[in-house]
Amino acid sequence: MRTPDVVLKMEHIVKEFAGVRALDDVTFEARAGEVLALMGENGAGKSTLMKVLGGVWPYPSYRGDIFIRGERRRFHSTREAMDAGIAIIHQELNLLAELTVAENIFLDRQPVTGFGAIDWHRMNDDAADLLGELGISDIKPTDRVKHIAVGKQQMVEIAKALSKHARILILDEPTSALSDKEVAELFRVIRKLRRDGVCMCYISHKMEEISQIADRVAVLRDGRTIGETTAVSDITMDQIIERMIGRELKEMYPHATRQRGERILEIKNLGIDHPSLPGARKVKDVSFSAYRGEILGISGLMGSGRTTLASAIFGAFPQATHGEVLVEGRSINIRSPADAIKHGIALLTEDRKALGLFLGQPITFNTTISSLQTVSSPPLGVIDQSEERALTERYIAQLGVKATGADAIVGTLSGGNQQKVLLARWLNASPKILILDEPTRGIDIGAKVEIHRLLNQLAEQGVAIIMISSELEEVLGMSDRILVMNEGRIVSEFSRANASREAVMESATGARRTEN
Amino acid sequence: MHRNQALIFIRTNATLIALVVLAVLLALIDPTFPTARNLSNVARQVTIVGIIGVGMTMVILIAGIDLSVGSVVGVAAVVVTLLMQYGLAAWFAVPMALAIVGGIIGLWNGFWIAHYRIPPFIITLGMLTIGRGIALSLSGGSSVPVADPSFAALGSAYIPPAPTLALLALAAGIGAFRLIRSFRETGKSNGTALEERVPGIVAATAGLLLAAYVFGTSDGMPVPVAIFVAIAAIAIFVLGHTRFGRRLYALGGNEEAARLSGINVYQTKMIVYVVVSLLSALSGILLASRLNGASPNLGNMFELDAIAAVVIGGTSLSGGSGTIGGTIVGALIIGVLNNGMSLLGVSSFYQLIIKGLIISLAVWFDVLQKKN
């Protein structure tokens with residue numbers, strides 16, 4: 001590597017919200033042509049730090065100094081940060097779905113003709129050049145963003161940043177919604193930008209990615225930088241995790257041996273109509289069973305039909321679902337999620353914000369909404385609010401939810417704590433069959449281990465658990481049995497003993513490809 | 001820190017403070033405003049929009065809207081008077097009109113909205129026109145007189161001062177009892193509860209005392225006011241303390257999440273649209289009784305006053321948050337404003353402008369608050 005060329009330095013940054021210190025004396029520097037991994041649990045302050053850098057929290061709402069290429073800068077707006085060459089690629093992409101790729105890249109900075117009208121021709125050409133530079137050939141500048149895959153949308157965001165001559169690029173959990181293939185493409189682009197001398201801050205939870213892509217690692221915990229920024233080659237993954245959670249990590253996937261009980265759920269020839277292609281099926285002829293006291297993992301790539309399958313069992317698409325569902329040997333007709341809940345089925349949805357939580361409501365409300373009968377009395381359904389509070393407080397203690405109290409608004413909690421609240425909701429419904437769709441996506445490692453431990457406990461108590469996860473390690477580590485889906489079908493089944501990373505991946509991709 | 005708390009207090013209780021300021025100003029400018037007789041009148045005028053507002057709050061809570069309420073007022077007024085023309089007694093005509101008009105129109109709106117997911121704005125806009133057409137065609141375009149003299153009691157009679165005071169005392173007693181009980185239960189775990197509830201407690205106490213003065217020193221409490229108070233009390237209880245209330249907040253906060261939580265979205269929407277229509281029909285019947293006859297144009301533009309009351313009262317038009325208490329304050333602001341401007345002799349043209357400005361200000365304030 002060349003001599004380190006520090007382009008970004010943040011020194012003694014302190015940021016408070018209503019008396020709470022989100023950032024407490026954070027100091028780090030990043031160099032041109034490097035990928036600096038910024039790691040930390042949710043709530044550690046990574047996002048806040050990046051918002052300070054990006055001008056979202058303007059000077060003087062924070063204390064401390066920001067140096068760009070050695071010069072002290074104080075950003076009063078996002079615009080000023082942008083002009084200084086800083087671009088943030090947010091976890092939730094900021095694109096306008098109805099506009100084209102080129103329109104998104106040049107939003108509000110469109111090239112114009114002599115008459116002041118948009119010069120479409122030049123705009124599309126410029127966009128094509130930018131995409132070409134990134135080596136992206138399979139999307140056109142005139143494609144509408146809503147028609148391209150999430151991975152490509154991210155490329156559009158990066159192209160947009162480059163069009164603004166960004167030299168410091170912040171990637172906030174860029175792979176959280178990407179398939180493995182898309183991740184590979186993203187990494188290729190990141191490596192190219194690194195060669196071009198762009199400084200990148202890479203925020204992530206995923207250990208394997210860090211070892212693949214990052215040059216150095218800085219760890220944040222409780223708003224502080226923990227230890228020195230260290231080269232990836234000089235630190236082990238376990239050491240990083242220990243810095244992040246502040247204690248030794250015994251086991252990521254605590255797995256107890258247990259005996260599975262009787263069959264509780266049987267799915268026979270389940271088919272689900274494709275939502276947008278008439279006549280086609282999104283899920284085709286799926287049959288499987290789930291047993292008490294067993295964790296059944298479902299693996300597969302994004303779009304393989306896992307989420308659709310889970311939602312259909314839960315009664316989310318009654319009109320589009322064909323086939324038979326048996327609970328405890330009896331064939332049942334599930335016409336709505338309410339029916340499913342009555343039969344003891346619960347679904348923890350993948351997208352906790354859009355499909356799960358009521359973000360403006362307190363923890364109590366979110367905990368009891370699916371099982372109000374546990375805190376109310378018939379026939380008027382009057383809710384006993386002190387009982388509700390007591391029950392919620394028990395879950396807060398049991399699951400280790402970090403919140404100011406049972407009345408805390410769920411939208412103010414961190415991702416891991418939100419997920420725990422959602423889990424509390426379904427625990428309170430005392431399901432016999434608990435389906436979890438990506439139960440630990442986007443949450444910190446500490447919360448992840450706690451959720452895993454809880455799932456093991458539930459299985460030991462005789463609940464049938466069906467867990468969908470994109471994270472191979474999680475499926476392999478947690479499941480007693482694994483089903484793999486590909487293009488709407490279950491293509492293979494593995495027992496815990498004979499499942500391996502390679503075998504599962506091979507059947508998930510549907511071919512004996514030896515890529516990567 | 002102290003200044004901050006004062007600011008937060010003002011922000012969270014802005015409408016209540018606005019109402020008090022408005023009332024005090026009017027009382028200073030015009031001595032007829034604070035008389036018991038005038039305030040009793042204001043209370044009665046507020047009930048019509050207030051009753052519709054209770055239903056409208058529920059609709060807006062589930063991120064819906066009902067533009068047909070004004071037309072339902074007209075149809076219900078015409079139908080109840082016509083039923084009496086056909087020889088039905090008032091005591092029978094009233095529930096019949098409620099069920100026929102409120103029930104059918106509510107089911108119609110609810111069916112299209114819940115079953116076919118047609119935007120409520122459109123389907124109730126259609127019903128606004130249909131309803132007015134029905135009222136005009138049923139009545140032949142002219143007013144229908146009241147045939148049964150006992151019908152007038154509904155809108156014009158009073159509960160005499162003595163029983164009124166007894167009722168108010170009972171309400172105060174129940175309120176105090178519930179308050180003490182709730183503090184016994186939550187007092188330990190939640191220290192801020194008292195502070196947060198002080199404005200509500202003060203407002204309720206002041207309201208009860210004012211009601212005692214207004215209704216105790218004049219002819220008593222008008223029957224429509226009593227009906228409104230009863231409906232509002234039931235609605236406050238239902239929204240805050242029952243499973244059905246929870247379903248409304250859930251549905252308005254995130255409809256898809258509500259469905260996936262096991263809430264019967266279809267049924268909930270149906271109930272809400274039927275309830276708002278029933279309450280609007282009740283308003284129409286009270287109005288016909290008070291006016292001793294029904295004009296087919298009765299209730300014209302009431303939807304705007306009802307929505308304004310809800311919005312001024314702090315209920316979010318995007319659903320999921322709001323209270324009946326806020327709507328009552330909103331309705332009172334509109335009522336006091338109307339009354340005050342009439343007393344001061346402000347031309348009705350200017351009254352419209354001022355009302356519109358106040359609604360815009362309320363929404364602006366709501367947006368500002370969300371930003372913070």
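Which residues of E13(A) are buried on one side, and which on the other? In this predicted model, A:Ile295, A:Gly297 and A:Ser299 are buried on one side of E13(A), and A:Leu296, A:Ile298 and A:Gly300 on the other.

**Strand E13 of chain A**

- Strand E13 (residues 295-300) of chain A has 6 of its 6 residues buried, so the strand is largely enclosed by the rest of the structure.
- E13(A) runs parallel to strand E20 (residues 464-468) of chain A, to which 4 bridges join it; here A:Ile295 stands opposite A:Ile465.
- E13(A) also runs parallel to strand E21 (residues 481-486) of chain A, through 5 bridges; A:Leu483 in E21(A) is the bridge partner of A:Ile298.

**Helices H3 and H14 of chain B**

- Helix H3 (residues 36-61) and helix H14 (residues 302-312) of chain B pack at an angle of about 65°, and their axes are 8 Å apart.
- H3(B) and H14(B) are therefore roughly perpendicular to each other, and their crossing is right-handed.
- Residues of H3(B) in this contact include B:Val49, B:Ile52 and B:Met56, while those of H14(B) include B:Phe302, B:Ile307 and B:Val310.
- By class, the residues of this contact comprise 9 nonpolar, 2 polar and 1 charged.

**Contact of chain A with chain B**

- Chain A contributes 23 residues to the contact and chain B contributes 21 residues.
- On the side of chain A, two or more residues each come from helix H10 (337-342), helix H11 (352-355) and strand E18 (382-383).
- H10(A) gives the largest share of that side, 3 residues.
- The side of chain A that touches chain B has 15 nonpolar and 8 polar residues, and no charged residues.

Terms used. Residues numbered from 1 in each chain as written. Chains lettered and ligands numbered in written order. Predicted model: local features only at pLDDT ≥ 70, side-chain atom pairs only at ≥ 80, totals over all residues. Contact = placed C-beta atoms within 7 Å. Nonpolar A, V, L, I, M, F, W, Y, C, P; charged D, E, K, R; others polar. Axes fitted to C-alpha atoms, helices over the stretch in contact; angles between N-to-C directions. Parallel < 35°, antiparallel > 145°, perpendicular 65-115°, else oblique. Left-handed = near helix turned anticlockwise from the far one by under 90°. Buried ≥ 20, exposed ≤ 12 C-beta atoms within 10 Å, placed from the backbone. Pairing = 2+ DSSP bridges.
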